[in-house]
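Let's take a walk through this protein together, starting with the spaces inside it and moving on to its sheets, helices and backbone.

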Amino acid sequence: MEHQVRIVDEHNKLIKILDAENGELLHNVLVHEHEYHAPCGGNRTCKKCKVQIKNDIAHTPEEKRVFNKEEIKLGMHLACMLQVTEDITIELRYNRYQIAENNYEMTDIDPIIKRTCIAINTLKHDAKEDYATTLKKKIGANKISVEVVKKLSYFILEQADKVIVIHDDNKIIGITEKLEEGYGIAIDIGTTTIVSYLYSLSTGEYKDVISEINYQKNFGFDVIARIKYAHETKGLEALHKVVTSQINSMIKSLLNKNNLNKDQLDELIIVGNTVMMHLFIGANPKDIGTAPFTPIFTESIYTSALDLDLDVPSHCQALILPSIAAYVGADIVSGMIATEMNKKDTCVLLIDIGTNGEIALVNHGQITCCATAAGPAFEGANIAYGVGGVFGAINKIFNGGSKVSYATINDEPPIGICGSGLIDGIAYMLNQGYIDETGYLEGDDLVEVEEMSALEIAQKQDDTKIYITQKDIREIQLAKGSIRAGIDTMIYESGIRIEQIDKVYVAGGFGSYMNKESALRIGLLPRALEDKIESIGNSAGMGAIKVLLNKKHLDAAHQIKEQCRYVELSNSVKFMDYYMESMSF
């Protein structure tokens, strides 16, 4: 027996109707809906899959412990605990995210894929050499695709005037009569967000950018959850289809917005962490999840974009940059390209803080890197009132005189606290004496929330309160301790003193918006590096753009992979020592 799940917006306007089997969990019905939010992937641990149901459905004892009286009155339920046994109507609200999407301008343009204009009459001669061979010699290529050969015969017979030949240094991959310039897209597939940048490959001109939350989020907010889901029946297929469908949609939007023909798309450069790259191409990342953490691939991949299930012209090529190890991916390689830190005769530290913390230290040409399991706390997951970087998220907390004050993203009414707000909040509580160095929360202004101490930060429009709880503090301690211990381990492994570091680049979505002083106050970053820290935004995207516009940066990526020494922190005694030290404030 099937039931209907009607989805409406906040104005009760019908968005769509979904089918559900009798007894099917509502989470499984909604998992592909982008407005739905389930950080733990339906494992009943995050309590964030809240939906408002218009029907009068009884609440379970567990739901009664999660929701307050007002939320119960509004019909809020947890989708991971509700079985669909009748037709229901639910309200889903679209969250708009603040995503770091800085672009990059270059003047030294030499892309992998080029377009060269050729006059057809220059291919005609009295020699015995065939037209295809003559064309290859003119371009300087060794190979030519069958599709180009077939089209070339048409242009010869029809006595075309000029054609545009699309090629790389080795092969002619396309030919067209349309005298149009070619374009490329640099794509950063993050665990939390996907950002796509459109550029002209002939001039290097920046044209547009689209950024979205990664639609894989409802299968798990971190890579470990997605690795687990990929091993379930049809799990890998679902994760692969979700990301490729989303990228197809982003490509189409970029081309349409800029009045470009689909055939003008020549090249894609793709970066992301190692797990995201596996899911993107449809390779099972199962062995990344268990020791000895072995990926299927880390080398770069250069192939027809059609092979990756992308809706692009047949000549369009896709390049996936190389990764280093299971948890140090193409994103950190791209970040090193963006900063050119591998070329500097100094000591430079790169910290990419997101759901995974990737750290690279270049000491006068010697590269050491590691990955540390920060978890999704900085993205608002596993936090009682945590949210991602959405409009309305509290992203700043500070001393307002007699009480705590805050600011929200886009100045909208508060709905929860995102990562940068949490760091500010804990720094504020440390400064005000609410938290001691062990992380214990105490004070006269505290209340009890879910049987633990908490400090009220704000009040929502529906009069419900937003708190930072004792458990939230512990989650941040674990996350910041892991990042800090990774930094200290990299310094130790490189055989230097912290004072020898000349520059610290902090990258990633969270790193772009966090308050540096708050990060120093809670011990996320070492105080000794205070004057050397620079937030650089989406360094992975910036590096992908540089490769898109000049192929010499691909050589740099391969050199970085070859030279980089990876340190597996789970095998490091020093890391565990630093981790225990870094837990305190």
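Please keep in mind that the model is predicted.

How many cavities of 30 Å³ or more does a search of the whole structure find? The search turns up two.

## An open pocket

Now for a space that is open. The second largest pocket contains about 500 Å³ of space, with 25 residues lining it. Ala-371, Thr-372, Ala-373, Ala-374 and Ser-482 are the lining residues nearest the centre of this pocket. The elements that contribute two or more residues to the lining are helix H6 (223-230), strand S20 (366-372), helix H11 (470-493) and helix H16 (573-582).

Which element gives the most to the lining of the second largest pocket? That is H11, with four residues. Sorted by class, the lining of this pocket has 15 nonpolar, seven polar and three charged residues.

## A six-stranded sheet

Strand S20 also belongs to an open sheet of six strands, ordered S28-S27-S18-S19-S20-S29, in which the pairing is mixed. At the edges sit strand S28 (533-537) and strand S29 (565-566), each of which pairs on one side only.

In what sense do strand S10 (residues 162-167) and strand S11 (residues 171-176) pair, parallel or antiparallel? They are antiparallel, with four bridges between them. Ile-166 has Gly-174 in S11 standing opposite.

## Two crossing helices

Two packed helices can be described by the angle between their axes together with the distance between those axes. Here, the axes of helix H9 (residues 330-339) and helix H14 (residues 539-549) come within 7 Å and cross at roughly 70 degrees. H9 and H14 are therefore roughly perpendicular to each other.

On the H9 side, the residues that meet H14 are Asp-331, Ser-334, Gly-335, Ile-337 and Ala-338. Their partners in H14 are Ser-539, Ala-540, Met-542, Gly-543, Ala-544, Lys-546 and Val-547. Taken by class, the contact of H9 with H14 consists of six nonpolar, four polar and two charged residues.

## Backbone details in a loop

Most residues other than glycine have a negative phi, and most peptide bonds are trans. The loop between helix H8 (274-281) and strand S16 (301-304) is worth a look with that in mind, and Pro-292 lies there. The peptide bond joining Ala-291 and Pro-292 is cis, with an omega of about 10 degrees.

Phe-293 is also placed in the loop between H8 and S16. Although Phe-293 is not a glycine, it has a positive phi of about 60 degrees.

Methods
Residues numbered from 1 in each chain as written. Predicted model: local features only at pLDDT ≥ 70, side-chain atom pairs only at ≥ 80, totals over all residues. Heavy atoms only, no water. Axes fitted to C-alpha atoms, helices over the stretch in contact; angles between N-to-C directions. Parallel < 35°, antiparallel > 145°, perpendicular 65-115°, else oblique. Contact = heavy atoms within 4.5 Å. Nonpolar A, V, L, I, M, F, W, Y, C, P; charged D, E, K, R; others polar. Pairing = 2+ DSSP bridges. 1 Å grid on protein atoms, 1.4 Å probe; cavity = no way out; pocket = protein on both sides within 12 Å on 5 of 7 lines; lining within 4 Å. Points joined across faces, edges and corners; volume = space filled by probe spheres on them.
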